[in-house]
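Here are a few notes for when you open this one up.

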Amino acid sequence: MMVSAIRSGDEQAMAELYSRYSGVIYSVALRVLGETAAAEDVLQEVFMQLWRNPDAFDASRGSLAGWLAVIARNRAIDALRKRRPEVDIDDVVVSCEPDMARGADWSRALDKIRGALTSMPPLQRAALDMAFFEGLSHTEIAEKTGEPLGTIKTRIRTGLLALRKVLNP
Amino acid sequence: MSVHEQFADDILLYALGELTSAQRAELEKHLQTCVDCRHDLEQLRGDMALLALSATGAEPPLRSRERLMSAIAKEPRRAQLVQRPQPQRRVWWRPFAWAAGAAAAIVIMLLLHQNANLQRSIAGLEADSTVQQQQLTQAKDMMASLTSADAEHFILVGSKTPPQPQGKAIYVRRSGTLVFLANNMPALPPQKAYELWLIPTAGAPIPAGVFKPGASGNATVINPPLPAGIEAKTFAITVEPEAGSAVPTSQPIMVAAQS
């Protein structure tokens with residue numbers, strides 16, 4: 001596996017890993033930061049962290065694509081808030097089964113996820129976007145939408161659960 | 001869903017990176033001992049991964065690949081573990097079992113001796129750790145005193161000189177750590193704030209914290225998010241909108257000279 005090769009300092013394995021997963025990291029960072037230069041910085045930072053600490057990823061607990069996507073989102077939000085990373089990548093375990101970087105399975109899964117998001121009530125989708133991609137707190141979302149805090153919390157949690165059920169009905 | 005409903009909200013906020021450091025520390029303590037809540041957190045992060053993956057589609061520019069591979073080539077290489085082939089098991093020693101027994105006894109004595117040495121080393125390390133813990137506590141107490149709201153600041157100036165704005169930045173390049181203390185800062189116009197900038201020896205100024213002085217004109221900036229390893233040419237302060245700016249939008253009102 002490529003991550004194993006990286007442990008022994010194999011630069012070619014890193015290049016292959018980049019080919020496969022750079023689009024995932026860059027897309028997520030760009031969605032959060034809305035700026036290509038800042039997204040490139042996050043891309044660089046995430047791959048350098050993986051190069052320096054490949055043991056941070058535990059293949060037995062989930063897919064590399066899912067793990068990198070969450071790490072990229074968190075680092076992009078840190079950059080957006082101009083703060084230091086809060087949680088070390090060693091401590092981020094992501095339960096995400098399919099390794100969805102490329103291929104037909106990935107395309108089908110992506111269609112299902114995007115379909116679920118499209119069919120979600122607009123207010124729920126907006127709450128998810130604001131919390132996840134814009135880095136707004138629940139309180140900020142409640143103030144922005146004029147809705148009770150409890151409603152926002154419920155919308156976000158049930159929205160995430162709805163995505164889980166798409167791939168694990 | 002978690003069996004600990006009282007933690008469910010906090011786990012979601014933790015996964016999204018919304019908890020304060022105190023709340024985070026408290027939850028992390030609970031997570032260390034609660035398998036169910038850890039499972040809940042991992043599942044939520046899995047859901048977040050799906051949401052994140054829904055954003056895929058963009059591809060980075062080619063220069064990003066070159067930048068990464070060039071940075072990796074400059075990194076110190078990790079020691080590669082070389083696995084030596086294991087020799088075949090042989091049974092030639094069986095007639096000399098007595099010799100093997102004697103050798104085992106010698107090895108055991110050596111191990112016991114080594115164990116005693118290790119015990120002494122551990123005791124030494126524990127003593128060092130205690131000293132370092134005390135030094136850390138003293139440093140924390142010092143920092144708490146410096147940044148305390150009721151700390152009194154005294155600045156000695158010439159008797160006829162009115163107090164001038166003054167800032168002191170203490171910067172550790174290796175770790176990107178910065179402590180900044182300011183005194184006698186003039187009051188700001190409405191909806192404005194001071195922004196501290198790290199001016200690197202090469203490249204654009206880097207935001208190093210936004211601050212508003214109190215009524216007495218004092219302010220502190222402790223450990224703003226800075227990348228490690230940036231060589232600072234100097235530090236400067238500009239007046240910016242309250243939310244801060246990514247690049248300076250006004251002329252510096254103060255520039256540091258390294259002491």
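1. Some ground rules: residues are numbered from 1 along each chain as its sequence is written, with chains lettered from A and ligands numbered from 1 in the order in which they are written. This is a predicted model, in which local features need pLDDT of at least 70 and side-chain atom pairs count only at pLDDT 80 or more, while totals for chains, interfaces and linings use all residues.

2. Among helices and strands (DSSP runs of H or I, at least four residues, or E, at least two, numbered from the N terminus), confidence in chain B is highest in strand 3 (residues 192-200), at a mean of 93, and lowest in helix 5 (residues 97-147), at 74.

3. Please read residues 79-95 of chain B with care: pLDDT stays under 50 there. For the complex, the predictor gives an ipTM of 0.90 and a pTM of 0.56.

4. Chain B has an open antiparallel sheet of four strands in the order 4-3-6-7, where strands pair if DSSP finds at least two bridges between them. Strand 4 (206-211) and strand 7 (254-255) of chain B are its edges. Strands 3 and 4 of chain B are joined by four bridges, and Trp197(B) has Pro207(B) as its bridge partner in strand 4.

5. Which chain does chain B touch? Here 40 residues of chain B are in contact (C-beta atoms, placed from the backbone, within 7 Å) with 55 residues of chain A. Helix 3 of chain B gives the largest share of its side, 12 residues.

Definitions and conventions. pLDDT is the predictor's confidence in each residue, from 0 to 100. Two residues are in contact if their C-beta atoms, placed from the backbone, lie within 7 Å.
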